[in-house]
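Trainee: I have a protein model to study. Can we go through it together, one question at a time?

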Amino acid sequence: WYQRRVRGGDYKVTLLHYIVRTVRSTIPEISGFTLEFGDLGQAQKVSLRDLVEEIQEMKKNLDTLLDEREKQPENFVLFSFYKRAERKVRKLGEETREMLHGYEAVCKAFGENPKRMEPNEFFKFFTEFFVQFEKVERQIIEEEVQAKKSAVEPLSRDASRELVHEAMLKRAQMQ
């Protein structure tokens, strides 16, 4: 992914590290923004082409059912089933049109062509970004906790001796 390739001089810090630190330090109230998007994994599974084809197939089946219903006008079960199915297919068609308009608007807002990009491709970018963002954020939080811990913890006896020894060597070199 692109942020893994854009690294600092020490090869430990990526562009994403910079973005996470900037968000945490300047606008910490939005640091949990990834949670607001819910489960994009479900959106990744949607194929618009398949969805539209399935709805068209349902409409064809409904037309066949209508022909059968007209042949049997006295069949109450068939009449009742057709009415419920027709309502559901119509509602599903309306919801699909709304979803397509929403998807087109989101794609255009992010500079993508909705005719060329399926939702599974489009939402995959977001899912991967959110996963990496949360991973880097956890890493940074752990680093901050460790830094606070080491600032509070007293130096071990060996570390104290080593620091004293280094200070004495520097002092001796200055003389």
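Trainee: Which side chain meets K91 in a salt bridge?
Mentor: This is a predicted model, so keep that in mind. A salt bridge needs a nitrogen of Lys or Arg within 4 Å of a carboxyl oxygen of Asp or Glu. Here the N to O distance is 3.9 Å. The partner of K91 is E95.

Trainee: How many residues apart are E95 and K91 in helix 5?
Mentor: Both belong to helix 5. They are separated by about one helical turn, because their spacing in helix 5 is four residues.

Trainee: Is E95 buried, partly exposed or exposed?
Mentor: Buried means under 20% relative accessible area, and exposed means over 50%. E95 has 41% relative accessibility, so E95 counts as partly exposed.

Trainee: Which residue meets E104 in a salt bridge?
Mentor: The N to O distance of this pair is 3.6 Å. The partner of E104 is K115.

Trainee: How many residues apart in sequence are the parts that K115 and E104 tie together?
Mentor: E104 sits in helix 5. K115 sits in the loop between helix 5 and helix 6 (119–152). So the pair ties together parts whose separation in sequence is eleven residues.

Trainee: Is K115 buried or exposed?
Mentor: The cut-off for exposed is over 50%. K115 has 71% relative accessibility. Therefore K115 counts as exposed.

Trainee: Which residue pairs with K124 in a salt bridge?
Mentor: The two side chains meet at 3.9 Å, N to O. They are four residues apart in helix 6, so about one helical turn separates them. The partner of K124 is E128.

Trainee: Which residues form a positive surface patch?
Mentor: Patch residues need over 30% relative accessible area and no salt bridge. R87, in helix 5 (residues 76–109), is partly exposed because its relative accessibility is 48%. The patch is formed by K83, R84, R87 and K88.

Trainee: How many helices and strands does the protein chain have?
Mentor: From the N terminus on, the elements run α-α-α-α-α-α-α. The count is seven helices and zero strands.

Trainee: What share of the 175 residues in the protein chain is buried?
Mentor: Buried means under 20% relative accessible area. In this protein chain of 175 residues, the buried share is 21%.

How values were computed:
Residues are numbered from 1 along each chain as its sequence is written. This is a predicted model: local features need pLDDT of at least 70, side-chain atom pairs count only at pLDDT 80 or more; totals for chains, interfaces and linings use all residues. Side-chain values use heavy atoms; hydrogens and water are left out. Patches are made of residues with over 30% relative accessible area and no salt bridge: like charges are joined within 9 Å, nonpolar side chains (Val, Leu, Ile, Met, Phe, Trp, Tyr) within 5 Å. Accessible areas come from the Shrake-Rupley method with a 1.4 Å probe; for residues, only the protein chains shown count as cover. Lys and Arg count as positive and Asp and Glu as negative; His and the chain ends are not counted. The place of a charge is taken as NZ of Lys, CZ of Arg, CG of Asp or CD of Glu. Helices (H or I, at least four residues) and strands (E, at least two) are DSSP runs, numbered from the N terminus. Buried means under 20% relative accessible area, exposed over 50%, partly exposed in between (1.4 Å probe, protein chains only).
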